[in-house]
Amino acid sequence: MTSEQIGNLSEVLVWATLVCFTIALVAFAVDLARRTDARTTSRAAEKELVGAGGPAPSTGSAAAVVEPVETPTRRRAAGIAMSTTVLGDLLLLAGIVSRGIAAGRTPWANMYEFTLVGSFVAVTVFLVVGTRRDVRFLGAFVTGIAAVFLTLGLNVFYIAAMGVQPALQSYWLVLHVGVAISATGVFTVAFAASVLQLLRTARDGGAALMSGWRWLDRIPTPQSLEALSFRLNAVGFVLWTFTIIGGAIWAEHAWGRYWGWDPKETWSFVIWTVYAAYLHARTTRGWAGTRAAWFVVVGYVCVLFNFTVVNLVINGLHSYSGLTS
Amino acid sequence: MSERTQYKPEGIADEFVTTSASEGVSTGSTAGGGDGPRLPVLGVVGWLRWTWRQLTSMRVALLLLMLLAVAAVPGSVLPQRGPNPDKVLEYLGGHTTLGPWLDRLGFFSVYTSPWFSAIYLLLFVSLIGCILPRVAAHARNLRGRPPHTPARFGRFPAKASAFSTASPDDVVAAVGAHLRRGRVFRVDLGAEDARGERPATRTVAAERGYFRETGNLVFHIALLGLLVSIATGQLLHYRGQAIITEGRGFANAVVDYDTFDKGAWFRPQELSPFSLTLDDFSSRFASDTVAFAQARDFTAYVTVTDADGSASKQTIKVNHPLTIAGAKVYLQGNGFAPEVTVRDAKGEVAFSGRVPFIPQDNVYTSRGVIKVPDVSKGLEQIGLTGYFLPTAVINADGTARSAFPQPENPMLVLQVWSGDLGLDAGVPQNVYKLDTATMTAATGSDGKRAQVLVAPGQTVKLPDGLGTITMSKDIPRYVALDLRYDPSLAWVLTFALLALAGLGVSLFTPRRRVWVRAWALPSGDTQVELAGLARGDDAGLQGEVDRALAAVPGADPPTNSATHSATHDQEEPR
Ligand code: HEM
């Protein structure tokens, strides 16, 4: 096959992935909706138990991401959703690898490729966490975000496979950019957990807007969601710290300074600071819980901003979207 | 819960959690009383102490972190003086009311502005104030013992119990040995007298995860080290930029650089005396349709002559700077510097030299200026502005453009001005800009501005009989080199990596306490109870307790599931 054909094959694989994720998204949503009725009753029972001095619903431990009362009904929709997610993830991996072969280099050097690898990491993190505990309630959100990324990638950021300019010819492309995208993938799943935490807290607090959202009763307690989000964000934060250090080392080689407040650098710094503030907020009295979760939301918005607006609108040295030239 | 000395920054919610829904996770409102700032009734000293306590509190640290994030943003949106002075001027020209105000408030040099500096300096003062007592407390804790076995295990999040045929002494010894393995836990064995209905018991108290705090402190101290080394680098560094053309060179001296910029503690004698000559420059571009004209490689071949006169051949590439005597030389740009000769109306050579043209796009449409001040007496000075096109294509309407970055069909396309170049006014001029205030443009017979096109080796008449211009046959290339010296780099990297390591240790080291109590039952069996407690969220706590349970000798029967139902189940039902 010529590299052009391999490039086309890669694109087809990505489209197939998008189809899989979309099916998974729908199936996950059906699963959430179906389980609503079963759960509402168990929730009432659980409340009574607590009132009677029974075991508290959660200990604030991450392992408590469990269904307090598991309904025996088989979750067919969830099964379908998980298998299509796995299938989609494998197709995406094949798409990324073939893209790399077509371009003859590491397949994460422009925005289109970032969306592929970022979605892949997010979904893989979701699947890996899923092997250790039941996080299928997150599925709709993770596959949903990944599907949006891929749709944008295929339609807005797409460029044909090709080599890269001299500034990008470095093993730091593999490390720095690879780790940055992985961090983004991890942050994505954590973000989904934090959003659910906020929604569920609002519903538990009796928010009128949320009164019809019965599916929220089917997801774990805000405490368990917070714990899940924290564990992921901790990993993401370490990866992001490495991203910044690696970026600085690379910048020292390529541009002759390790830090220059280029827009991309500035926003990476802002993101780092927001997540550092999040880690502090978690342990500051009066800021833990709901308020800390908002930091995750703000941090993730900054991540997305850094990826989209900073790449496309604010041009700096980092203008490697491949779209302008 | 521990009798050890503890230092806690004001406002930290840093408990080993015993109760279920820990306060930390439940609400966003201020939990617990007596937490708000209490106004002191003491005098100045009291105020100072109060201020210091506030400054070093978690809440203020959090606030400053948030402020820092917000304060960094404008610098990414507004042009900044350091990297983009021209863009700042452009912005000021376009925003005549807002611009000067932003300027006064430092928005065009955000990262050196007083307010930005104030935020991070305060943050670091807070950091020091927070770190010092924590280091002291942690140093004491490192030698401390695990807290005593609590009287009751009922409220702990992880529990287990079993009966054993072994004696309480053996049980405690075996579990203690298990916990001591790998020196992860610090373990104390103990004994308690009979109390109420319970007979005398043997106990184990164990704690792990002291390194969590160590990692956290290393992380914060490394941040401080990072700031100090960056600042030191700023004071000691120097950076020079020079444009050199093929066959020529420069010496490492302040006067040889086109721009030179240095820290406050820099002294010129620190420049190591070497010289560098550009022997050759090669570039490669993609020519396939997909990535047409995209750069693929730049290499500068240079000869470096050291202070002792020894010469060596070297290459400089993007991403691969050349290190000479601790300084690094970077390949930052490249282009064409055609050799141009201008003769005036009297036929005298008024200018001869290489003129660097600055590339404007990926096909190297390059802009340049030729100033010809030294014309024969009585003649007007000449200025030429325009483009160098490496692969010139003449469009149907007579305009020219470049089609490829390599010199396939080079051509100069220039407009001609005559008059006073303004060089004698004593004001330093930008060599890449022609001040046309006191000059007039040459026009053709059609009244439009005249253009001259010059090919390599050609001599072309300038309009209005101003003279002639010649371009050499060979077009020399030039490179823009950046030379940078910063002795702090190794320190900056060291502290950055230390911070990363400290962070990893701090975030991923579990902090757990495990207690065991064993006593003899009238039946002759031994009753064993275990409890575990973790700081913060810890998915592995029950597993830790279960492993300790498994180490109980002669367990009868080894009932993991039974113990599970006695605790709130931490594991997921599968
Ligand atoms: C340059 C400013 C600062 C940054 C970037 C920063 C960053 C961080 C990060 C990322 C963490 C979480 C990782 C870990 O647990 O090691 C953390 C934890 C912590 N920071 Fe800071 N910090 C800063 C300043 C401060 C200050 C001023 C204080 C004191 C008021 C402080 C006190 C703490 C404490 C007590 C923890 C531990 C929280 C816990 O137990 O989880 N930090 N910091």
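Guide: A crossing of two helices is called left-handed if the near helix is turned anticlockwise from the far one by less than a right angle, and right-handed if it is turned clockwise. This is a predicted model, in which local features need pLDDT of at least 70, side-chain atom pairs count only at pLDDT 80 or more, and totals for chains, interfaces and linings use all residues. Residues are numbered from 1 along each chain as its sequence is written, chains are lettered from A and ligands numbered from 1 in the order in which they are written, and side-chain values use heavy atoms, without hydrogens and water.

From chain A, the side chain of His280(A) brings an N or O atom to 2.5 Å from a nitrogen atom of the ligand. From chain B, the side chain of Ser506(B) has an N or O atom 2.5 Å from an oxygen atom of the ligand, while for Asn216(B) the distance from a side-chain N or O atom to a ligand oxygen atom is 3.0 Å.

In chain B, the axes of α9 (residues 210-236) and α10 (residues 489-508) come within 7 Å and cross at roughly 160° (axes are lines fitted to C-alpha atoms over the stretch in contact, with angles from 0 to 180 degrees between N-to-C directions). The helices α9(B) and α10(B) are therefore roughly antiparallel, a term for angles over 145 degrees, and α9(B) passes α10(B) in a left-handed crossing. Asn216(B) of α9(B) and Ser506(B) of α10(B) are among the residues that make this contact (heavy atoms within 4.5 Å), whose residues divide into 16 nonpolar, six polar and one charged.

Across the two chains, the axes of α7(A) and α3(B) come within 9 Å and cross at roughly 160°, so that these helices are also roughly antiparallel to each other, and α7(A) passes α3(B) in a left-handed crossing. His280(A) is one of the residues of α7(A) in this contact, and the residues met in α3(B) include Met58(B) and Leu65(B). The contact of α7(A) with α3(B) has 14 nonpolar, three polar and no charged residues.

Helix α10(B) also packs with a helix of chain A, α6 (residues 222-254), at an angle of about 170°, with the axes 10 Å apart, and α6(A) and α10(B) are therefore roughly antiparallel. This contact includes Phe230(A) and Glu252(A) from α6(A) and Leu489(B) and Phe508(B) from α10(B), and its residues divide into 16 nonpolar, two polar and one charged.

Definitions and conventions:
Helix = DSSP H or I, 4+ residues; strand = E, 2+ residues; numbered from the N terminus. Parallel < 35°, antiparallel > 145°, perpendicular 65-115°, else oblique. Nonpolar A, V, L, I, M, F, W, Y, C, P; charged D, E, K, R; others polar. Polar contact = N/O pair within 3.5 Å; in protein donor to acceptor, adjacent residues only side chain to side chain.
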